[in-house]
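Please walk through this structure with the model open beside the text.

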Amino acid sequence: MAQILRDDHLDKILKENPKKLICVLFGNPDFPPCAKAHNLWDKLAPKYSTCIFIYAECDKCQTDARRQEIKQIPTVIFYKNQSILNRIVGVEENEILQFIEENRPLGAFDGSSHKIGPPSAGNTF
């Protein structure tokens with residue numbers, strides 16, 4: 001489940017997690033596209049545990065929304081090392097998923113692997 005952002009806390013989260021991909025969704029629950037995006041965020045959070053997913057309700061996080069120059073909702077902003085990597089306006093699910101896949105930090109069980117067991121023929125250790 002996505003974390004709910006409290007007003008004026010985004011900078012603190014970015015400073016405390018410089019190596020993670022921070023995925024922030026700015027929206028308003030009364031607007032149907034934002035509700036759809038919020039549901040997506042809640043589904044993605046457990047799938048991509050090496051990323052941080054945050055939902056920022058613009059009415060309650062006006063300071064952060066103003067600092068990030070949110071003009072349209074929903075808006076997704078991706079951060080790493082306290083810098084903006086990308087901004088997507090709207091619920092562009094394929095674009096969002098592609099960006100996360102390409103930029104997420106790898107976890108302990110991601111990447112290449114080695115088999116455990118006896119060595120293959122011709123391999124000695």
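**Charges, strands and cores**

Lys-12 and Glu-16 lie 4 residues apart in helix H1, so about one helical turn separates them. Helices here are DSSP runs of H or I with at least four residues, strands are E runs of at least two, and both are numbered from the N terminus. The model is predicted: local features need pLDDT of at least 70, side-chain atom pairs count only at pLDDT 80 or more, and totals for chains, interfaces and linings use all residues. Residues are numbered from 1 along each chain as its sequence is written, and side-chain values use heavy atoms, with hydrogens and water left out.

Lys-12 and Glu-16 form a salt bridge, with their closest N and O atoms 3.9 Å apart. The term means a side-chain nitrogen of Lys or Arg within 4 Å of a carboxyl oxygen of Asp or Glu. Lys-12 has a relative accessible area of 48%, so it is partly exposed. The cut-offs are under 20% relative accessible area for buried, over 50% for exposed, and partly exposed in between, with a 1.4 Å probe and protein chains only.

The structure holds 5 salt bridges. Another joins the side chains of Asp-8 and Arg-67, at 2.6 Å from N to O. This pair links distant parts of the chain, 59 residues apart. Asp-8 sits in the loop between strand S1 (3-4) and helix H1 (10-16), while Arg-67 belongs to helix H3 (residues 62-67). Asp-8 counts as partly exposed because its relative accessibility is 42%. Arg-67, at 43%, is partly exposed too.

Arg-67 also forms a salt bridge with Asp-11, and here the closest N and O atoms are 3.6 Å apart. Again distant parts of the chain are linked: Arg-67 in helix H3 and Asp-11 in helix H1 are 56 residues apart. Asp-11 has 35% relative accessibility, so it counts as partly exposed.

Now turn to the strands. How many residues of strand S3 (residues 51-57) are buried? The count is 7 of 7, so the strand is mostly covered. Cys-51, Phe-53, Tyr-55 and Glu-57 point one way from S3. Ile-52, Ile-54 and Ala-56 point the other way.

S3 has strand partners. Strands pair if DSSP finds at least two bridges between them. S1 and S3 run parallel and are joined by 2 bridges. Gln-3 stands opposite Ile-54 in S3. Strand S2 (residues 21-27) also runs parallel to S3, with 7 bridges between them. There, Leu-21 has Cys-51 as its bridge partner.

S2, helix H2 (residues 32-47) and S3 make a right-handed β-α-β unit. Right-handed means that, with the strands pointing away from the viewer, the path from the first strand over the helix to the second runs clockwise.

Next comes the interior. In soluble globular proteins, nonpolar side chains tend to be buried together. A nonpolar core is a set of buried Ala, Val, Leu, Ile, Met, Phe, Trp, Tyr and Cys residues joined through side-chain atoms within 4.5 Å. The largest such core has 19 residues. Cys-23, Trp-41, Leu-44, Phe-53, Phe-78, Ile-96 and Ile-100 touch the most other members. S2, H2, S3, strand S4 (75-80) and helix H4 (93-103) each give two or more residues to this core. H2 gives the most, with 5 residues.

Leaving aside neighbours within four places in sequence, Phe-53 is in contact (heavy atoms within 4.5 Å) with residues including Cys-23, Trp-41, Leu-44 and Ile-100. Apart from this core lies another, of 16 residues, among them Leu-10, Ile-13, Ile-54 and Ala-65.

The whole structure has 2 aromatic pairs. In the pair of Trp-41 and Phe-53, the ring centres are 5.2 Å apart and the planes are at 90°, so the pair is edge-to-face. Rings of Phe, Tyr and Trp (its six-membered ring) pair if their centres lie within 6.5 Å; planes under 30 degrees apart count as stacked, over 60 as edge-to-face and the rest as tilted. Trp-41 in helix H2 and Phe-53 in strand S3 are 12 residues apart. Both are buried. Phe-78 and Phe-99 form a tilted pair, at 4.6 Å centre to centre with 35° between the planes. Phe-78 lies in strand S4 and Phe-99 in helix H4, 21 residues apart. Phe-78 and Phe-99 are both buried.
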